[in-house]
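Please look at the chain below, then read on for a few of its helices and an annotated feature.

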Amino acid sequence: MTTVKARDYYPITGRSSTGGTFDRIPVEELKADHPYQWTLFVLGFAWINGTPIPFPGVVQPPLKTSLSLMEIGGIHGRPYREWAGDRRTYDEALADFSGVDKKDTNPSPSRFGGYCNHAAITFPSWHRPYVMLIEQAIGDYAENVAQQIENSNAEEVGLWVNASKELRFPCVLVLHRFNPVEKEGFPSLFYDNELTVTATGHKTVTVPNPLSFFNFPYIPEDFKDTTRNGVTAHFSVWPKTYRHAADSATPVGSNIADLQTTLKQQAEDLRTKVGMLFSFPDGGESSIIYDQFSNTRNESRQEDDNTTVGSLEGVHNSIHGAIGGNGHMGNPDYAGFDPFFYFHHSNVDRIISLWEWCYTSYWMNNGYTVEGVDYSWNQQYGTYAQAYNEKLEEDGEFGRLVPWRHPDGSYWTNKETRFLTPDAFPKYYSYKEFLGVKVDKPAANLQQQQEARARIAKFYSVDPQTSAQNTTTLAHVPVPGVGEVDLPSNFQSIKGFRLFIILARLPEHAFGRSYNFQVFYKGNNLIGNITVFAREDDSPCKACALRRESASLVRGVISIPPRIVHEIIVNSGIDRTKNTMDITTGLVTKALSGKLLDLSGKVLASAQGGEEVAAVPASHAASKRVQPVEITLLSSAIAQHANDKNQPVHFFDWNAHKGLFPVRRPDYLLFWIFADLASYRAAGRPSLWRRPLLTKCAEYLVRS
């Protein structure tokens, strides 16, 4: 019997060789306060870019193919081929795929289905080892170079090697309240031509900036131009990565001015989205809460559940759109090549770590329960289609995270990615203390977690108690009092205040490309943005293809700042003593407008809110395929602890109000129904939205 030996793979162990756990720190702090770590990090990033920076006394170590940014970036999408660091054995490849057989390599799209873990319960868990991969590669390089430097500079022994062992991949705090994005915008170290680093002898020198873009060593055959709505992204010929690129085969460079404008406009909304993630209640159903937090598709969402505070993936998507525009970061198939991708995902992981610390009882488990019926997760296993006919596997906490291997050749599982505490599966990194939270030290009790949630939510601008004091125009809007609803012990409602939120359900693949839904007040004052982060229709991604075939819908939320609601009511001139919920919601919807936009900024469709707006003539209406399925105004009352102001507030009495942009065309209603039924029928279960939609259809037919 012939034994099949494993091919060469690169195991993800984290920085296990460093003898301890060290923090990932903000990149600007790394640059300012840790000069030796910063130098080693810049040298390491240039090394994986394939453009090593000469350094006195250093012989550059060989770069494994699997650790080049060309290979690491390609894991996220194109080119659709197996990552060189995985190298499955032939026994593991369950299908008849052969890399040298044209029957396998010729079909277009390729038989390799990619590693997509978007719009899925695995979004947080799969991306965690991804950042560990690049952290490990740069860290191992740093140790090699640091030892060489100290070998030839005896007077600096202890400076470089210690720095190399402490080095972890930095994060970028573009949403940080004390990093005023509205004023300063995107950090210049991501687009300056040169960076300053420390050389031996404590001297500073300037070097080419490896963080501003990535030069492709070659353009793979499956890199394709994408033209949508009259704007082209020239991926097949662009020699390097761009952000907010012009529609040109030879753009001058990234349009940083456009990027800055976009990011500054969205800064408040993005911060609020992060704060809302720490507003989930205690005592919820574990799997369902985690599903709502982790991803935009929320498979377990129930038809009578109007509660919604957004998702981590939704925040993530908006950053991709704001930074990428008509460039690489805005397209999932090419985003992994932009150096900023990894700083962004390090910060996403930081948010995951804070959330895990605060909500240790919430987790995906192996499924969820609705009305006493247990369901296994049925979201597409991201890598099941690596080769033709490969088996579809159910997901859950023991689901494999291909292509991330352990030293023994087994794959990481979702459960192994949990937590950064000493008793968790080792990862060798942490994050700096934040508002009293050190994520590698578990909370002592539930009260600590609750108080941390309150601090984090307020830090990210979710502070209903202060907002209620500053907005008095809702005094006559009904809020249930004590005894009218069930509230946590010792909690009481904040009278005269409700938080208004816009819920949007959008077709994931409406435009064959990523796009934005934006809501405005007074014309061009942006209130909030939802980015649908989607691959092109011809992408070989198999998980995306299945979601496209099932008319997959993604969900996003926009919180309307309470000061805006206050201003709308004040400007209306109504007699506030006669104000009601219906009057308030009517005023709010009438004051808002919405747009669907390509990431290039081109407006695809627009609508004015309010019931008085005339219906759009059929000849001018957007295609049914691209119509938002739902844009609803929601509101929630807020309760606070009667005695302890350090406790987080409690959202309750959720109400669904009017559609923000009322639709009067029957074909729109039919699209709503059929898209919904197709989505859940493809998932092999009854539609959780079916009954209210059929009721709406019946009501329409009766009125007709």
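The buried residues of helix α15 pack against α13 (464-470), β11 (491-507), β12 (515-521), β13 (525-532) and α16 (581-591), where contact means heavy atoms within 4.5 Å. This is a predicted model, in which local features need pLDDT of at least 70 and side-chain atom pairs count only at pLDDT 80 or more, while totals for chains, interfaces and linings use all residues. Residues are numbered from 1 along each chain as its sequence is written, and side-chain values use heavy atoms, with hydrogens and water left out.

In α15 (residues 562-572), the residues P562, I564, V565, I568 and I569 are buried, that is, under 20% relative accessible area with a 1.4 Å probe and protein chains only. Because they cover an arc of only 165 degrees around the axis, they lie on the same side of α15. Just after α15, G573 takes a positive phi of about 75 degrees.

Elsewhere, helix α8 (residues 256-276) and helix α10 (residues 312-324) pack at an angle of about 170 degrees, with their axes 9 Å apart. That makes α8 roughly antiparallel to α10, a term for angles over 145 degrees. Among the residues that make the contact are L259 and L263 of α8 and V315 and I319 of α10.

UniProt, in an unreviewed entry, places the feature "domain: Tyrosinase copper-binding" at residues 118-135 and 338-349.

| Span | Distance between end C-alpha atoms | Helix | Strand |
|---|---|---|---|
| Residues 118-135 | 22 Å | 72% helix | 0% strand |
| Residues 338-349 | 18 Å | 83% helix | 0% strand |

How values were computed
Buried means under 20% relative accessible area, exposed over 50%, partly exposed in between (1.4 Å probe, protein chains only). Helices (H or I, at least four residues) and strands (E, at least two) are DSSP runs, numbered from the N terminus. The arc is that of the directions from the helix axis to the C-beta atoms. Axes are lines fitted to C-alpha atoms, for helices over the stretch in contact, and angles run from 0 to 180 degrees between N-to-C directions. Angles under 35 degrees count as roughly parallel, over 145 as roughly antiparallel, 65 to 115 as roughly perpendicular and the rest as oblique. UniProt positions are given in the numbering used here, feature names are shortened, and annotations may be inferred rather than shown by experiment.
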